[in-house]
Amino acid sequence: MAFKVRKAVDPHVVMAEVVGTKQVTPNMMRVTLGGDELAQFTPIGYDQWFRLFLPRAGQDMLRLPTRASALWYAEYLTTPKTRRPWVRNYTVRAARPDLNEIDVDFVLHAGPDDEAEDAEHHSGPGADFAQVAEPGMRVGVLDQGVVYNPRHPHDWTLLVTEESGLPAVAGICESLPEEARGVAVIEVPTAGDKQEFRVPSGVELRWVVRSDGEDPHALPGQAALAELRDLDLTGLSGDVYAFAVGESALATGARRHLVGERGVPKAHVDFVGYWRHGRSAPG
């Protein structure tokens, strides 16, 4: 990521607990987190992201860093691994500050969670947590701000992702002004994984189904990248702000295509690889 995110508002490491869960599609589980300490979490919309601290198997309590600045990681590393929580990055899917609650969506299929574990062997700690989450289970949350950050005037928006970035793109669409124009391309594993959310009337939402079970080995993100390459964008005039997130090859491939083949200035394209197919996230 070669650009600055919009910083969090007064971030703190806070304790939250599971309030409820809901399987929203075959491959996505929504976990609602709540608690009094979430009053210190300031929702700012778009693709607001945070560090999620999860207990490891066998830990009798969740030990959280006490520092909220960049020093939290140094403190984390000095904690013996047997006492460290897992740390993963997730997006706020929805926030209800009046109730001190946030919703978090977890990818469940036999593949990586937001920060990938090896898809060919096992799911990651985030997906494992989502599948067993019960009311009262405790986690830690550290707000990190917003990644979607246009820094130039633009006439329309282009969003590209696969399921790991679906919560981010959905949050962005719900935060855009009603007069916004553009295209959002979202790849999902099956047709049943499409979701309903608010999209401005001038933004075309294009769902791409990866395989619908026909090819379980299809690489995530490649269908979205193919859709992007085939997009007819002649009806969208003026300057674009493009935002591609998700699997690393999708994010970098989208930028390469837009800059090299569409002539979009590099400064008008932001891209973030959330995970890399076949690579495990560090523990």
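1. Contacts between residues 24 or more positions apart make up 71% of those with a separation of 6 or more in the protein chain; contact here means heavy atoms within 4.5 Å. Please keep in mind that this is a predicted model, in which local features need pLDDT of at least 70 and side-chain atom pairs count only at pLDDT 80 or more, while totals for chains, interfaces and linings use all residues. Residues are numbered from 1 along each chain as its sequence is written, and side-chain values use heavy atoms, with hydrogens and water left out.

2. On the overall make-up, the protein chain has five helices and eleven strands. These are DSSP runs numbered from the N terminus (helices H or I, at least four residues; strands E, at least two). Of the 283 residues, 52% are buried, where buried means under 20% relative accessible area, exposed over 50%, and partly exposed in between (1.4 Å probe, protein chains only). The chain exposes about 12900 Å², and carbon and sulfur atoms supply 49% of that area, by the Shrake-Rupley method with a 1.4 Å probe.

3. The largest nonpolar core holds 26 residues, and the members touching the most others are Tyr148, Leu159, Leu166 and Phe243. Such a core is a set of buried Ala, Val, Leu, Ile, Met, Phe, Trp, Tyr and Cys residues joined through side-chain atoms within 4.5 Å. At least two of its residues come from each of helix H3 (166-175), strand S8 (181-188), strand S10 (240-247) and strand S11 (269-275). H3 gives the largest share, six residues.

4. Leu166 deserves a look of its own. Leaving aside residues up to four places away in sequence, Leu166 touches Met28, Thr161, Ile186, Val188, Asp193, Gln195, Phe197 and Trp207. Another core, of 22 residues, lies apart from the one described above; Val31, Leu33, Leu38 and Phe129 are among its members.

5. Two backbone angles are worth checking. Most residues other than glycine have a negative phi. Asp10, however, has a positive phi near 50 degrees; Asp10 sits in the segment before strand S1 (13-25) and counts as exposed because its relative accessibility is 52%. Asn100 also has a positive value, near 55 degrees, and belongs to the loop between strand S4 (86-96) and strand S5 (101-107).

6. Last, a residue in S4. Val87 is placed in that strand and counts as buried because its relative accessibility is 13%. Val87 and Arg56 are 31 residues apart in sequence, with 10.0 Å between their C-alpha atoms.
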